[in-house]
Amino acid sequence: MNIAIDGPAGAGKSTVAQKVAGQMEYVYIDTGAMYRALAWAVHHHQLPINDESAVSELLQKNKVQLIRENGQQHVYWNEIDVTSWIRSTEVSQYASIVASYGSVREQMLVLQRRLATQGNVVMDGRDIGTHVLPDADVKIFLTASIQERAERRWKELLAKGTQTDLAELEKEIEERDRRDMQREVAPLRQAEDAVLVDTTGMTIDQVVDRILQICERTGESTH
């Protein structure tokens, strides 16, 4: 079966989706990382972020790949492994902007659906259940309070040695939510048939267990 996990920035989608995929021995597809790779390239080449046609053309002429190495997913822009660079604050801000461009999303949609045709995938993002894989067997909408999401991101950055202001992170996440929900193309929203999982106060393992139970129930009901 195909599993779609959607939700706002900092809800823990990537970590949870990766663990769910690992336990079920499914293929994990991180669509956010694909947008981040493009955002990194825009930043790297110093392209004007507000020029949709330049950003779209950059994606068209280059290649984004998700490659599994030693049990970890790596993100490549052409031959460059950009995995460790795409989580910076600048790239996060850029990613939200490039993801709002219709021409960019159309190109990504083709890539993402092609990846999902192999079946038995866990795909996470913001519009998977509503737009990319509307026929997914299991749809999860993962969320948490803005305070908790900001704190998680703050701890993550701290662990990497980056000092950030927590209040500033809260503001950024709130702004990102607003931009993701209000964009014209495939906005962030919960699919009607998605199960809402609020992860506030939950550990990663508790969230993973909850999703595995939902998948199990769905598997039983389809047999």
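## A tour of the predicted model

Start with residues 3-216. Over this stretch the chain is 51% helix and 17% strand. Its end C-alpha atoms sit 12 Å apart. Keep in mind that this is a predicted model. UniProt, in an unreviewed entry, gives residues 3-216 the feature "domain: Cytidylate kinase".

**Stop 1: the parallel sheet**

Select β1, β2, β6, β7 and β8. These 5 strands form an open sheet with parallel pairing. Read across it and the order is β2-β6-β1-β7-β8. At the edges are β2 (27-30) and β8 (195-198), and each of them pairs on one side only. Turn the view to look along the sheet: from one strand to the next, the twist averages 20°.

Now zoom in on β1 (residues 3-6) and β7 (residues 138-143). The two run parallel and are joined by 4 bridges. Which residue of β7 is the bridge partner of D6? Pick F141.

A point to keep in view while you colour side chains: in a regular strand they alternate between the two faces of the sheet.

**Stop 2: helices on that sheet**

Helix α1 lies across β1, β2, β6 (121-125) and β7. Its direction is at about 175° to β6.

**Stop 3: the antiparallel sheet**

Move to β3, β4 and β5. Here 3 strands make an open sheet, paired antiparallel, in the order β3-β4-β5. Why does one side of β3 and of β5 lack a neighbour in the sheet? Both β3 (64-69) and β5 (80-81) stand at the edges with a single partner strand each, so one side of each is left open.

Select β3 with β4. They run antiparallel, with 6 bridges between them. R68 has Q73 in β4 as its bridge partner. Now click on N70 in the hairpin. There are 2 residues between the strands β3 and β4, and N70 takes a positive phi near 50°.

Then select β4 (residues 72-77) with β5. This antiparallel pair is joined by 2 bridges. Show W77 together with I80: I80, in β5, is the bridge partner of W77.

**Stop 4: where α2 crosses α4**

Display helix α2 (residues 31-44) and helix α4 (residues 89-98). Their axes come within 8 Å and cross at roughly 110°. That makes α2 roughly perpendicular to α4.

Turn on side chains at the contact. What does α2 bring to it? The α2 residues are Y35, R36, L38, A39, W40, V42 and H43. Facing them from α4 are E90, V91, S92, Y94, A95 and V98. By class, the residues of this contact are 9 nonpolar, 2 polar and 2 charged.

**Stop 5: an aromatic pair**

How are the rings of W40 and W85 arranged? Their centres are 5.6 Å apart and their planes are at 20°, so the pair counts as stacked. Zoom out to see what it links. W40 belongs to helix α2, while W85 sits in the loop between β5 and α4. With 45 residues separating W40 from W85, the pair connects distant parts of the chain.

How values were computed. Residues numbered from 1 in each chain as written. Predicted model: local features only at pLDDT ≥ 70, side-chain atom pairs only at ≥ 80, totals over all residues. Heavy atoms only, no water. Pairing = 2+ DSSP bridges. Axes fitted to C-alpha atoms, helices over the stretch in contact; angles between N-to-C directions. Parallel < 35°, antiparallel > 145°, perpendicular 65-115°, else oblique. Contact = heavy atoms within 4.5 Å. Nonpolar A, V, L, I, M, F, W, Y, C, P; charged D, E, K, R; others polar. UniProt positions renumbered as here; feature names shortened; annotations may be inferred. Phe/Tyr/Trp six-rings, centres within 6.5 Å; stacked < 30°, edge-to-face > 60°.
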